[in-house]
Amino acid sequence: MDIDPAKVPRTPAQANALIRDIIAKPAAFGPGTERRSPYESDPQRWPVLGDDCAWAQRPLPDDILATLTRSYEIPAADGKGPLRLSAVVTVHRTAEQADWENAEVLEEMMRCPTQRLRSDETVTSLNDVPAALGDLGNGFADDSLTEIGEYTRAQEGGSHPYIWRQTRIGQFTLAVSAKGAEGWSRTELLDRVRDPHIDMGTGLRAAVERDPSSPGVSTPRSGDRGETDGTAESGAS
C-alpha cells in the first residue's frame, strides 16, 4: 500500500480518531455477535507477556500513539458454547516500532507456547505462521501472521480452537482473535475473523493511502481487496 505521509496520524488524538473509524463493530463478525463487557480496553494500558508467561496490563509505552481493543461474544445457542472474539488496532509512531510488535508475537510464542490470558483462561500448543508481503495469500500487508493453538476457560473447559491473526501496514497493526467453545470448529473461527480483519485493512487503506489519481501513482486492479485467507488456511492445516 502506498501510504500518504500527509494522511498519517501524528498525535494521539488523530490516531484515536482513525482507530475508531476503522475498528470492527460487532456486526462485522456475523449474525448474533454482541458486545462483551467491558467492550473497549483502557486506552492508557497495553498488554504485556511477563516472564511467567501470563498476560498483564501495563502503561502504554512511548512508541505507541494509540491503541484500542474491542471484545465481542456470540452467546451460547444451538448446542454451541459462547464464542469470544476481539479486534485490536494500534498506531505506532514509526513503521520500525510496529515491525517490532509483530516480531515480538513470534518471540512470545517460542518463549511461551503456553500462555495465561486471564486467571481462568489459558492457551496452549501455540504455533505461528508468518507471511511477508506476497507470501501465503498476503497481498497488501508488510507482514502478516496467524497464530493457532488450543484454548481452555474454566467455565467451558476445553480444549477448543484458538486463532489470532495480525497484520502490519506501515506503522499500523491490525489484529483479530477467536477463542473457541464447545461445538465450534477451527474453520468456523477462521470464517468469523476473516471479514473483520480484511475490512479493517480496507478502512485503513481508505484513510491513509495516497490518492490514486495523483501523478505517478498506479491504480489498483479492479476488485482487489488485497488480502486473502491463504495464511490462515496454511496455519490450520
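## Briefing: a predicted α/β chain, starting from a loop glycine

Glycine 79 sits in the loop that joins E4 to E5. This is a predicted model, and its protein chain has 4 helices and 10 strands. The mean pLDDT is 85, with 84% of residues at 70 or more.

**Around glycine 79**

- With a relative accessible area of 66%, glycine 79 is over the 50% cut-off and therefore counts as exposed.
- Leaving aside residues up to four places away in sequence, glycine 79 touches Glu182 and Gly183.
- Tryptophan 184 is 105 residues from glycine 79 in sequence, yet the two C-alpha atoms are 9.6 Å apart in space.

**Overall layout**

- Reading from the N terminus, the order of elements is α-β-β-β-β-β-α-β-β-β-β-β-α-α.
- The protein chain has 237 residues, and 46% of them are buried.
- Take the contacts between residues at least 6 apart in sequence: 63% of these join residues at least 24 apart.
- The accessible surface of the protein chain is about 11200 Å², and carbon and sulfur atoms account for 50% of that.

- The mean pLDDT of the protein chain is 85, but residues 216-237 have pLDDT below 50.
- That stretch, residues 216-237, still has 48 contacts in the model beyond near neighbours in sequence.
- Where pLDDT is low, the predicted coordinates should not be read in detail.

**Helix H1 and its buried side**

- Helix H1 covers residues 12-22, and its buried residues are Ala15, Leu18, Ile19 and Ile22.
- These four residues span an arc of only 100 degrees around the axis, so they lie on the same side of H1.
- Facing away from that buried side are the exposed residues Ala13 and Asp21.

**The disulfide**

- There is 1 disulfide in the structure.
- Cysteine 53 and cysteine 112 form the link, with 2.0 Å between their sulfur atoms.
- The two cysteines are 59 residues apart, so to speak in distant parts of the chain: cysteine 53 is in the loop between strands E2 (45-49) and E3 (55-59), and cysteine 112 is in the loop between helix H2 (95-111) and strand E6 (115-118).
- The link of cysteine 53 and cysteine 112 is left-handed, at -75 degrees about the S-S bond.
- Cysteine 53 and cysteine 112 are both buried.

**Salt bridges**

- The count of salt bridges comes to 15.
- One of them pairs arginine 210 with aspartate 2, at 3.1 Å from N to O.
- This pair joins distant parts of the chain, 208 residues apart: arginine 210 is in the loop between H3 and helix H4 (230-236), and aspartate 2 is in the segment before H1.
- Both ends are partly exposed, arginine 210 with a relative accessible area of 28% and aspartate 2 with 35%.
- Another salt bridge runs between glutamate 121 and arginine 118, whose closest N and O atoms are 2.7 Å apart.
- Here the two ends contrast: glutamate 121 is buried at 0% relative accessible area, whereas arginine 118 is partly exposed at 40%.
- Glutamate 121 and arginine 118 also belong to a network of salt bridges that links Arg36, Glu73, Arg84, Arg118, Glu121 and Lys179.
- Aspartate 191 and arginine 194 make a salt bridge too, with 2.8 Å between the closest N and O atoms.
- Those two residues, aspartate 191 and arginine 194, are both in helix H3 and 3 residues apart, about one turn of the helix.
- Aspartate 191 is partly exposed at 41% relative accessible area, while arginine 194 has 14% relative accessibility and counts as buried.

Definitions and conventions. Residues numbered from 1 in each chain as written. Predicted model: local features only at pLDDT ≥ 70, side-chain atom pairs only at ≥ 80, totals over all residues. Heavy atoms only, no water. pLDDT = per-residue confidence, 0-100. Contact = heavy atoms within 4.5 Å. Disulfide = S-S within 2.5 Å. Buried < 20%, exposed > 50% of the residue type's maximum accessible area, 1.4 Å probe, protein only. Arc of directions from axis to C-beta. Salt bridge = Lys/Arg side-chain N within 4 Å of Asp/Glu carboxyl O. Areas by Shrake-Rupley, 256 points an atom, 1.4 Å probe, with all protein chains shown as cover.
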